[in-house]
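Biologist: I'd like a close look at one part of this model, if you have a minute. Here it is.

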Amino acid sequence: MPERKRLVAGNWKMNLMRADGSGLARQIAERARPGKPGDLHRCDLLVCPPFTLLGLVGEALAGSGVALGGQDCHPQAAGAFTGCVSAEMLKDAGCSHTIAGHSERRHACGETDAEVQAKTRAAWRAGLVAIVCVGETRAEREAGRARDIVAAQLAGSLPDDADAERLIVAYEPVWAIGTGLTPTIDDIAAMHAAIRGSIPPGTRILYGGSVNPKNAAEILALDEVDGALVGGASLKADDFWAIVQAAG
């Protein structure tokens, strides 16, 4: 089986206006362009801006090798779904990936595993790679249920015909997102190993949850960690690039 290439993905969430988003994308693109020093041939890069910035960011990233992704998609291709965006629209905007089932949508918007699975299928229908997020709450971890919760999310969220070409799994413990807290290195390694046994061979697994320049190298050194889904640190070019360098 070929070596799994690492991926660092920036999830900008609901942040940045046109000027700041375009400027950040240009800074990332400039560092990533072919011919720049470093080991980036061993690391894929992805940026997932808000829907309003997809076109602008896509233009800024053109020719840099940095991929463009959406933060969510609707299961249907088109229709009377006010405020929603389809996977086909993301593809048309230049995206190659989309996130599905981020914990902020599971918990703030009440998304179910079945809905995440439908969105994953929609992504594949449009020719996108789906980044399916899973993770436990603090209470679930303290109750010793973290692995069972993640296993159940995987079972309910992944279509039966999932394969490594169209799927990336992101482990994001809910209690670590945006809090500055992270699981221990042993806990991250154990959870990624458990996930590995429940997904198609060769599928990349990212870690997400307060990844920053200070902890990235230690996390990304783990054998089962194939990259990072970065939130707040992806909004600063220097911080994001430090994580990229740690992955490369």
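Predicted model: local features only at pLDDT ≥ 70, side-chain atom pairs only at ≥ 80, totals over all residues.

At what angle do helix α7 and helix α8 pack, and how far apart are their axes? Please take me through that contact and whatever it leads to.

Modeller: Helix α7 covers residues 146-157 and helix α8 covers residues 185-196; they pack at an angle of about 35 degrees, and their axes are 10 Å apart. The crossing of α7 past α8 is right-handed. On the α7 side the contact is made by A146, R147, V150 and L154, which meet A190, M191, A194 and I195 in α8. Sorted by type, that gives seven nonpolar residues, no polar ones and one charged.

The largest nonpolar core has 63 residues, and I195 and V8 are the ones that touch the most other members. Helix α10 (residues 237-247) gives the most to this core, six residues in total. There is also a second, separate core of 13 residues, with L7, I99, I131 and C133 among them.

V8 and L7 take us to strand β1. Six of the six residues in β1 (residues 6-11) are buried, so the strand is largely enclosed by the rest of the structure. Both faces are covered, with R6, V8 and G10 on one side and L7, A9 and N11 on the other. As for neighbours, β1 runs parallel to strand β2 (residues 43-48), joined by six bridges, and G10 has V47 as its bridge partner there. β1 also pairs in the parallel sense with strand β8 (residues 227-230) over four bridges, where L7 is partnered with G227.

Methods:
Residues numbered from 1 in each chain as written. Heavy atoms only, no water. Axes fitted to C-alpha atoms, helices over the stretch in contact; angles between N-to-C directions. Helix = DSSP H or I, 4+ residues; strand = E, 2+ residues; numbered from the N terminus. Left-handed = near helix turned anticlockwise from the far one by under 90°. Contact = heavy atoms within 4.5 Å. Nonpolar A, V, L, I, M, F, W, Y, C, P; charged D, E, K, R; others polar. Core = buried A, V, L, I, M, F, W, Y, C linked by side-chain atoms within 4.5 Å. Buried < 20%, exposed > 50% of the residue type's maximum accessible area, 1.4 Å probe, protein only. Pairing = 2+ DSSP bridges.
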